[in-house]
Amino acid sequence: MGVTIKEVAQHAGVSIATVSRILNDRPGFKPATKQKVLEAIDELGYRPNALARGLVNKRTKTIGVIFPTVSSMFSAEILRGVEEAVHAAGWSAIVCNTDSSTEKTLQYLELLIEKRVEGILFVSDLFTAQYEECIHQASVPAVLVSTISYSGLPYVKVDDRMAAFSATDYLIKQGHRKICIVNGGKEDAIAGIPRMEGYKQAFRHHGLAFEPEWLIYSGDFSFQSGRSVYEQVINSGTTAVFACSDELAAGILSEAHRHSVAVPEELSVMGYDNLLIAEMAIPPLTTVSQPLFEMGKKAVGMLFQVMDGSTCVPNCVMPHQIISRESVLRLIT
């Protein structure tokens, strides 16, 4: 059984309340009392040793990571990279799930600041002026992952416009001329708009035209949304669909199977992200690969640079690539 706060108090000759105030950096004790408590913590090996030392050197060796959702495979892969880098450095991470709620995001930012995190990673959600002001006032370093800021905060992400261009270009080079796109929100400046622009650019590049009904918005990038837009995809009269996430693509594959539509013989399906679900899909999904694990690791390294005082941490645009599997039919030889 570990050492208790009561034993620390007895060893230092103070009350439990005094030990609690010192551990939480609250007022109401003398410097000499604080020193006695810290010494007792060290001597007894009380579990919050690192925190106690942090009160002396003003370091908590903790960062906060804010996700719009932690349940998606996309978030899980980024988090895996973040945790590997954080733990390798002997640090800890507090992970927050906001459900894309402004209120929850602001609450979590305030909580992380109260917990005295030394840096924040903000992942895959719109970084608003409110969030920036909150971080700026607290003077907490921050790095953005799979999103951008127009105020100069460093970010790590893939070039979504070019990645969507590559995906659409790939389908065109396989002989497809009627290609619909299933995207997230029409006003989504992070991924939705750039990916739609990349899709359109590929058509212009090849001197091809697209029809308005080929532009399909699903609201988000989830599996269920992919299922919900399946009828629109089929009714668009296209031979291929570029789904702007693997989860969307998986939803479309699921509905195609339910309706006995053969993939890729009757409908070619392309995804985006290269999540584990892309390999698990039947048939295995051709997709655009984002190096999400590496992005998580890279973001931690950039955050450490900012925390160490670097005022010039360059943005990092990670490479993407096409992963060719079995869900796209080649129409030309």
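Contact, as the word is used on this tour, means heavy atoms within 4.5 Å. The model is a predicted one, in which local features need pLDDT of at least 70 and side-chain atom pairs count only at pLDDT 80 or more, while totals for chains, interfaces and linings use all residues. Residues are numbered from 1 along each chain as its sequence is written, and side-chain values use heavy atoms, with hydrogens and water left out.

**The whole chain**

Begin with everything displayed as a cartoon, where the protein shows 14 helices and 12 strands; helices (H or I, at least four residues) and strands (E, at least two) are DSSP runs, numbered from the N terminus. Along the principal axes, the C-alpha atoms fill a box of roughly 80 × 40 × 30 Å. Of the 333 residues, 50% are buried, where buried means under 20% relative accessible area, exposed over 50%, and partly exposed in between, with a 1.4 Å probe and protein chains only. Among contacts between residues at least 6 apart in sequence, 69% join residues at least 24 apart.

Select Thr18, which lies in helix α2, residues 16–23. Is Thr18 buried or exposed? Its relative accessibility is 10%, and Thr18 therefore counts as buried. Its side chain makes a polar contact with the side chain of Ser15 at 2.9 Å; a polar contact is a pair of N or O atoms within 3.5 Å, and within protein one must be able to donate a hydrogen and the other to accept it, while residues adjacent in sequence count only if both atoms are side-chain atoms. If neighbours within four places in sequence are left aside, Thr18 is in contact with Phe29 and Thr33.

**Lys30 and helix α3**

Next select Lys30, in the loop between α2 and α3. Lys30 has a relative accessible area of 63% and is therefore exposed.

Now extend the selection to helix α3, residues 31–44, whose 14 residues reach 20 Å from the first C-alpha to the last, close to the 20 Å expected at 1.5 Å a residue; the expected span is 1.5 Å times one less than the number of residues. Colour Thr33, Lys34, Val37, Leu38, Ala40 and Ile41, which are the buried residues in α3. These residues cover an arc of only 155 degrees around the axis, which puts them on the same side of α3, the arc being that of the directions from the helix axis to the C-beta atoms. The face turned away from that buried side carries the exposed residues Pro31, Ala32 and Glu43. Just after α3, Gly45 takes a positive phi of about 70 degrees.

**Helix α6**

Move on to helix α6, residues 102–114, where Ser101 caps the N-terminal end with a side-chain oxygen that lies 3.4 Å from the backbone nitrogen of Glu103. Which residues of α6 are buried? They are Thr105, Leu106, Leu109 and Leu112. Viewed down the axis of α6, these buried residues fall within an arc of 125 degrees, so they line one face of the helix. Show the elements that cover them, which include β1 (62–67), β2 (92–97), β3 (119–123) and α7 (129–138). Exposed Glu103 and Glu114 are carried on the face of α6 turned away from its buried side. After α6 comes Arg116, whose phi is positive, near 60 degrees.

Strand β6 (residues 179–183) pairs with β8 in the parallel sense over 4 bridges, two strands being taken to pair if DSSP finds at least two bridges between them. Along this pairing, Val182 stands opposite Ala243 in β8.

β8 and β9 pair in the parallel sense over 3 bridges; here Val241 stands opposite Val269, and Phe242 has Met270 as its bridge partner. Include helix α12 (residues 246–258) to see that β8, α12 and β9 make a right-handed β-α-β unit, right-handed meaning that, with the strands pointing away from the viewer, the path from the first strand over the helix to the second runs clockwise.

End at strand β10, residues 286–289, which runs parallel to β9 and is joined to β9 by 4 bridges. Thr287 in β10 is the bridge partner of Gly271.
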